[in-house]
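Have a look around first, and then we'll walk through some of its details together.

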Amino acid sequence: MFPVVTSNISVNSCPEFPDIFFLAALSFRLLIIKFPSSSSTSTSTSPRRCRLFLGNTTNPVVSSTSMTMAPGIGRGSEKPLHFPSPQSLSDWLKPRLPSDSLSAWGLSPGTKNLHNLWLEVSQGETSLDDSSPPTRTVHVATIRILSPTSPTRVLIESHQELSDGSLRHRRRPLSEKMKPGEGIQQAVRRAVREELGSLVPHNNDDQSVRIVPGSYTERVEERLSASYPGLPARYLLHSVDAWVDGLPDGDFSTEEAAEYEDSEDVRAAHKAVFVKKHYWKWVRADDPAAP
């Protein structure tokens with residue numbers, strides 16, 4: 001039933017229109033008021049490219065709220081899997097992976113071991129699906145650093161030296177696993193600080209690392225994990241271009257402190273394989289090795 005509507009218009013004052021026509025017109029108008037047109041509503045979706053920036057192009061400052069935040073581990077509203085120890089993770093994985101997979105972790109050159117995966121899961125950097133085989137899902141910040149002297153050159157990591165003495169070939173830009181709730185701007189600055197270290201000046205205004213406006217993109221890659229053979233991986237890549245002050249003009253290397261050195265489980269951290277040294281080189285942007 002429609003609500004009673006008072007009006008100063010008298011039906012009898014319009015003898016040329018029958019009462020039923022007036023009531024029908026009034027009812028139709030009430031329907032329009034009660035149910036607005038669907039065109040007045042909109043549905044927002046997360047953009048693939050983010051363009052909300054503060055500052056100017058010569059000294060850009062990126063709003064951290066304008067960038068995608070890395071969610072906590074797990075997908076959607078599912079409760080993330082928790083493993084109290086590396087052994088409990090091993091027991092859970094064994095019936096879900098090929099029999100020879102776990103035995104290769106940390107022994108095959110360039111691979112990581114079970115302690116690495118457990119630390120990733122316990123610190124929220126990685127999630128595992130409860131499936132056979134499980135899928136390792138990781139949010140990754142990828143930074144394509146542009147040369148300050150030549151706009152046609154970009155920086156890539158050619159290879160890494162691991163703590164066990166093995167080498168791992170990379171040929172990709174600076175990349176870092178994102179932490180839960182971390183924005184892309186935070187992840188970029190942390191990645192530069194951890195992997196390029198003392199080469200980059202740390203100013204109070206933190207302008208030694210500047211993200212190129214409009215360069216943020218997202219994409220998903222699914223493939224077998226190189227670090228953990230036999231374990232499928234799903235990488236959610238959050239990519240930006242950036243300018244970084246203080247880098248050498250030629251090839252160079254940097255050393256990195258032990259990964260997870262601030263972990264509460266010191267024993268697992270000491271048994272993990274970590275990157276000891278990074279080797280960097282500048283390549284042309286159109287080089288097949290460039291991202």
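## Starting at L247

Let's begin with L247: setting aside neighbours within four places in sequence, L247 is in contact (heavy atoms within 4.5 Å) with I145, L155, L196, L199, V200, F252 and W282. A quick word on the basis: this is a predicted model, where local features need pLDDT of at least 70, side-chain atom pairs count only at pLDDT 80 or more, and totals for chains, interfaces and linings use all residues. Residues are numbered from 1 along each chain as its sequence is written, and side-chain values use heavy atoms, with hydrogens and water left out.

Strands here are DSSP runs of E with at least two residues, helices are runs of H or I with at least four, and both are numbered from the N terminus. With neighbours within four places again left aside, P248 is in contact with L199 and W282. P248 and W282 are 34 residues apart in sequence, yet their C-alpha atoms are 9.7 Å apart in space. At 28% relative accessibility, P248 counts as partly exposed; buried means under 20% relative accessible area, exposed means over 50%, and partly exposed is in between, using a 1.4 Å probe and protein chains only.

## The big picture

Stepping back, the protein has six helices and twelve strands. Of its 291 residues, 43% are buried. Take the contacts between residues at least 6 apart in sequence: 71% of them join residues at least 24 apart.

## Two nonpolar cores

A nonpolar core is a set of buried Ala, Val, Leu, Ile, Met, Phe, Trp, Tyr and Cys residues joined through side-chain atoms within 4.5 Å. The largest one has 23 residues, and those touching the most other members are I143, I145, L174, L196 and L247. At least two residues each come from β4 (136-146), α5 (184-195), β8 (209-211), β10 (232-244) and β12. Helix α5 gives the largest share, with five residues. There is also a second, separate core of 17 residues, and W92, W118, V121 and L231 are among them.

## Strands side by side

Is strand β5 (residues 153-162) largely enclosed or open? Eight of its ten residues are buried, so β5 is largely enclosed by the rest of the structure. Strands pair when DSSP finds at least two bridges between them. β5 pairs with β12 (residues 275-284) in the antiparallel sense over nine bridges, and Q160 stands opposite H278 there. On β6 (residues 167-172), β5 has another antiparallel partner, joined by four bridges, with H159 opposite H169.

β12 also runs antiparallel to β11, with four bridges joining them; T254 has H278 as its bridge partner in β12. In a regular strand the side chains alternate between the two faces of the sheet.

## A stacked ring pair

Rings of Phe, Tyr and Trp (its six-membered ring) pair if their centres lie within 6.5 Å; planes under 30 degrees apart count as stacked, over 60 as edge-to-face and the rest as tilted. By that rule there are three aromatic pairs. In one of them, the F252 and W280 rings have centres 6.5 Å apart and planes at 25°, so the pair is stacked. The two residues sit 28 places apart, F252 in β11 (residues 252-255) and W280 in β12, linking distant parts of the chain. Both F252 and W280 are buried.

## Two crossing helices

Helix α2 (residues 86-93) is mostly covered, with six of its eight residues buried. α2 packs against α4 (residues 114-122) at an angle of about 100°, with the axes 9 Å apart. Axes are lines fitted to C-alpha atoms, for helices over the stretch in contact, and angles run from 0 to 180 degrees between N-to-C directions. α2 and α4 are therefore roughly perpendicular, the term for angles of 65 to 115 degrees. At the meeting point, P86, L89, S90 and L93 in α2 meet L114, H115, L117 and W118 in α4.

Most residues other than glycine have a negative phi, and most peptide bonds are trans. R171, in strand β6, has a positive phi of about 50° although it is not a glycine. A cis peptide bond joins S132 and P133, with omega about -5°; P133 lies in the loop between β3 (126-128) and β4.

Note on methods. Parallel < 35°, antiparallel > 145°, perpendicular 65-115°, else oblique.
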